[in-house]
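Okay, thanks for coming, everyone. Let me put the structure up and then walk you through where its parts touch.

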Amino acid sequence: MKVLGIDCTTKFTNIGITSDGGVLSEISLELGRQQSSRLPVLVEEMLSSLSIEISELDLIAVANGPGYYTGIRTGIAYSAALAQALGIKILPISSLEAFVHDLRNTGLPLAPVFKARQNCVYCALYFSDGSQLKPFVYPKFCTAEEFADFLTHYPEALIVGKDATIFNEFSVLPNNILPRSVGRPAQTALMGEYYKEFSVTPDKILGVYLREPDIGPTSY
Amino acid sequence: MHCLSRSTKKLDIVTFSEEETYSLGYFIGKQAYPGLVILLHGGLGMGKTLITQGIGKALGFSKIKSPTFVLVAEHSGELPLIHADLYRLDSHVEADALDFENYIDSGYVVVIEWGERWHTSPLNNTIDITIKQHSNNEYARDITIKVLGESAENLLRELSCDIMELTCEKEDKHESSGNRLYD
């Protein structure tokens, strides 16, 4: 099974191709706002360097948020159009889970953190049994203070993300912080194989913005 | 240009002509840095676009127009500039969808007219400029500049120095120490 994985939800554009659980190729580029123009070319280049025809793809896994609004839309629009054209399914993946998925073997609870506007973050908490991640707190949007308060009950949780280091609320916690700014680029594609039964037809995919358009006005 | 009051977080000035309002923008542009957000408030014709043109001039962009109809205009250069106008937006939800955070993190200078319609503007690296007409003078403006965050405070300090220098120079030339309000 060949899976193409795409994650444009952060500053980085992550692309990976996996085949039967093995990573064939992965790339992570800090493209910023050039994502939409470079993404199709990068995918084509990766496929041709592997001598894989685009028609050989069985599934496209795409990070559908939370993260940058434009990045979410870029990734989804490209992936959905490609899946539609190829007649294959598409699998929405949480960008927060993709960000920490390679750390699941540590057995530690994992708390990915992305900065959102003002004093807010996108965050989640996953428990790991050593081989699989289970969401304990589903991806959410809240103040850094709120999530830090919650994490005081889980001092063993590993906070993941360079963004966490800009908030004092997290630095004062006893928790370890892994200050990475980007996850392993092929994780999205690998997760595509793990979770393939949750894949949907391209017209069903939605962005998970976790801000007003889907959660209603907030007081922040 | 006349400075009415200054503090670390706020500067009140009066400009007496369109040229002076434009130069104020130019001085701000000279101090701009990547990720700086400039919110402009003021009614129609108060000079929001004029200030933006001054900022743009300092960054090397001479063709800045009011982006009321395009919402967001991108100007690429050494220090890239985003010029947005939220006049046509119906709600702050739409402002959120313009993804200003992305521009900020990508190192743009972000100038937003009708900035009050972006309810979730950043809490640092932000300059807030309010423009009002000065008494009954058609071309004079009361301009209040407020800053949020340490870097923006530094910018304000530099900006005040630039303005003080300019006004002192002018006063020397005019050989007058009188109140500029009656020039």
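**Two interfaces**

Across the interface of domain 1 and domain 2 of chain A, the rule finds zero salt bridges, a salt bridge being a side-chain nitrogen of Lys or Arg within 4 Å of a carboxyl oxygen of Asp or Glu. Before I go on: this is a predicted model, where local features need pLDDT of at least 70, side-chain atom pairs count only at pLDDT 80 or more, and totals for chains, interfaces and linings use all residues. Residues are numbered from 1 along each chain as its sequence is written, chains are lettered from A and ligands numbered from 1 in the order written, and side-chain values use heavy atoms, with hydrogens and water left out.

So, the domains of chain A: domain 1 is 2–95 + 182–215 and domain 2 is 103–178, with bounds from an automatic or database domain assignment. 13 residues of domain 1 are in contact with nine of domain 2 (heavy atoms within 4.5 Å). Between them, the two domains bury about 890 Å², meaning accessible area (1.4 Å probe) lost on being put together, summed over both. On the domain 1 side, Pro66(A), Tyr195(A) and Leu210(A) lose the most area to domain 2.

Now the chains. Chain B and chain A bury about 1,500 Å², with 48% from carbon and sulfur atoms. On the chain B side, Asp96(B), Asn102(B) and Asp105(B) lose the most area, together 33% of what that side buries. And what is the count of salt bridges between chain B and chain A? It's one: Lys115(A) pairs with Asp105(B), their closest N and O atoms 2.6 Å apart.
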